[in-house]
Amino acid sequence: ALADAHEVLLAASVADALRILEGSTPDLLLLDPTLEGGEDGVELLRALPAKPCPVLVLCSAEEEPELYGDRWSALRALGADDVVVKGVHAGEALARKVAELLGRGQAGRTTPG
């Protein structure tokens, strides 16, 4: 959904993501909490020495209710800026959120959505 307007680098694991981040500074980190091999993508946020850029978290519709309250507070404390729910219109929502986080839309959201 973003490849037409942005250079996209993919990581299948936390280790892959850390290797990519060693050699580059991205404009945005798009984090899927579920990675290959059962890894929790949120571990990447814990492993980062410093937040390199805005962080957008993808979640499934089933996970969305969990992202309100304590879970969202924990993600925010780790550096997450906003959430996009995977679904039928995820590409459109993703493009809109990326534009917002990169300064082409609203800034300073404090709750997901």
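Student: What does the secondary structure of the protein chain come to?
Tutor: The protein chain has four helices and three strands. Helices (H or I, at least four residues) and strands (E, at least two) are DSSP runs, numbered from the N terminus. This is a predicted model, where local features need pLDDT of at least 70, side-chain atom pairs count only at pLDDT 80 or more, and totals for chains, interfaces and linings use all residues. Residues are numbered from 1 along each chain as its sequence is written, and side-chain values use heavy atoms, with hydrogens and water left out.

Student: And in what order do the elements run from the N terminus?
Tutor: They go α-β-α-β-α-β-α.

Student: OK, the strands. In what order do they sit in the sheet?
Tutor: The order is S1-S2-S3, in an open sheet of three strands with parallel pairing. Strands S1 (29-31) and S3 (82-85) are at the edges with a single partner strand each, so one side of each has no neighbour in the sheet. Neighbouring strands are turned by 25° against each other on average, direction ignored. That angle is between axes, which are lines fitted to C-alpha atoms, for helices over the stretch in contact, and angles run from 0 to 180 degrees between N-to-C directions.

Student: How many bridges join S1 to S2, and how many join S2 to S3?
Tutor: Three bridges join S1 to S2, and four join S2 to S3. Two strands pair if DSSP finds at least two bridges between them.

Student: Which residues stand opposite each other?
Tutor: Leu 29 is opposite Val 55 in S2, and Val 57 is opposite Val 83 in S3. Leu 58 has Val 84 in S3 as its bridge partner.

Student: Is S2 buried or exposed?
Tutor: Five of the five residues of S2 are buried, so the strand is largely enclosed by the rest of the structure. Buried means under 20% relative accessible area, exposed over 50%, and partly exposed in between (1.4 Å probe, protein chains only).

Student: Which way do the S2 residues point?
Tutor: Val 55, Val 57 and Cys 59 point one way, while Leu 56 and Leu 58 point the other way. In a regular strand the side chains alternate between the two faces of the sheet.

Student: Let's zoom in on Leu 56. What is its relative accessible area?
Tutor: Leu 56, which lies in strand S2 (residues 55-59), has a relative accessible area of 0% and is buried.

Student: What is Leu 56 in contact with?
Tutor: Leaving aside neighbours within four places in sequence, Leu 56 is in contact with a list of residues including Leu 28, Leu 30, Val 84, Leu 94 and Leu 101. Contact means heavy atoms within 4.5 Å. Asp 82 is also among the contacts of Leu 56; the two are 26 residues apart along the chain, with 5.1 Å between their C-alpha atoms.

Student: Switching to helices: where is Leu 45?
Tutor: Leu 45 lies in helix H2 (residues 42-47). Leu 45 is buried, with a relative accessible area of 5%. Not counting residues up to four places away in sequence, Leu 45 touches Leu 29, Leu 31, Val 55, Leu 78 and Ala 80.

Student: Now the loops. Is Asp 27 buried or exposed?
Tutor: Asp 27 is exposed, with a relative accessible area of 57%. Asp 27 lies in the loop between H1 and S1, and touches Cys 53, Pro 54 and Leu 102, not counting residues up to four places away in sequence.

Student: And Asp 81, buried or exposed?
Tutor: Asp 81 counts as buried, at 17% relative accessibility. Asp 81 is in the loop between helix H3 (70-78) and S3.

Student: Back to the whole chain. What share of the residues is buried?
Tutor: Buried residues make up 34% of the 113 residues. Among contacts with a separation of 6 or more, 67% are between residues 24 or more positions apart.
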